[in-house]
Amino acid sequence: RGLVGQQIPERDGDFPPSVGTGIFVGSKYHAQDVDTLVRLGVTGVLNCASSGIRQLPHDKYEENGIEYQFTNVSEDSHSYP
């Protein structure tokens, strides 16, 4: 079974894995690094953490034109195919 996200080959481990053209799946540390998000051309952050992530730089997102949204996910659905 392969990994969903793969590191971007020309970048080091500080960058979130790319899962498609212009789509990245990262950690809370990636979400807090607005400079890197801007360099990657990120225009939106979707927080999928079940408990949310505290202390995200919402003000810096807004300053850099990055839209922030979150989901209210509590657990994986075992019935999803």
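Buried means under 20% relative accessible area, exposed means over 50%, and partly exposed lies in between, with a 1.4 Å probe and protein chains only. By that rule Pro57 is buried, with a relative accessible area of 13%. The legends below describe a predicted model, in which local features need pLDDT of at least 70 and side-chain atom pairs count only at pLDDT 80 or more, while totals for chains, interfaces and linings use all residues. Residues are numbered from 1 along each chain as its sequence is written, and side-chain values use heavy atoms, with hydrogens and water left out.

**View 1. The chain as a whole.** The chain has 3 helices and 4 strands, where helices (H or I, at least four residues) and strands (E, at least two) are DSSP runs numbered from the N terminus. Read along the sequence, these elements follow the pattern β-β-α-α-β-α-β. Of the 81 residues of the chain, 21% count as buried, and the chain exposes about 6500 Å², of which carbon and sulfur atoms supply 49%; accessible areas come from the Shrake-Rupley method with a 1.4 Å probe, and for residues only the protein chains shown count as cover.

**View 2. The surroundings of Pro57.** Pro57 sits in the loop between strand 3 and helix 3 (58–63). When residues up to four places away in sequence are not counted, Pro57 touches Ala31, Gln32 and Val34, a contact being heavy atoms within 4.5 Å. Val34 is 23 residues from Pro57 along the chain, and the C-alpha atoms of the two are separated by 7.8 Å.

**View 3. Lys60 in helix 3.** Lys60 belongs to helix 3 and counts as partly exposed, at 46% relative accessibility. Between Lys60 and Asp33, which are 27 residues apart in sequence, the C-alpha to C-alpha distance is 9.7 Å.

**View 4. The rings of Tyr61 and Tyr68.** Rings of Phe, Tyr and Trp (its six-membered ring) pair if their centres lie within 6.5 Å, and planes under 30 degrees apart count as stacked, over 60 as edge-to-face and the rest as tilted. By this rule the count comes to 1 aromatic pair. The ring centres of Tyr61 and Tyr68 are 6.0 Å apart and their planes stand at 20 degrees, so the pair is stacked. Tyr61 is buried, with a relative accessible area of 1%.

**View 5. The largest pocket.** On a 1 Å grid over the protein atoms alone, a pocket is an open set of points where a 1.4 Å probe fits, with protein on both sides within 12 Å along at least five of seven lines, and lining residues have an atom within 4 Å of a point. The lining of the largest pocket is made of 22 residues, of which Phe24, Val25, Gly26, Val45 and Leu46 lie nearest its centre. Strand 2 (23–24), helix 1 (28–32) and strand 3 (44–47) are the elements that give two or more residues to this lining, and the largest share, 4 residues, comes from strand 3.

**View 6. Asp14 ahead of the strands.** Asp14 is placed in the segment before strand 1 (18–20), and at 55% relative accessibility Asp14 counts as exposed. The C-alpha atoms of Asp14 and Tyr29 are separated by 9.2 Å, with the two residues 15 apart along the chain.
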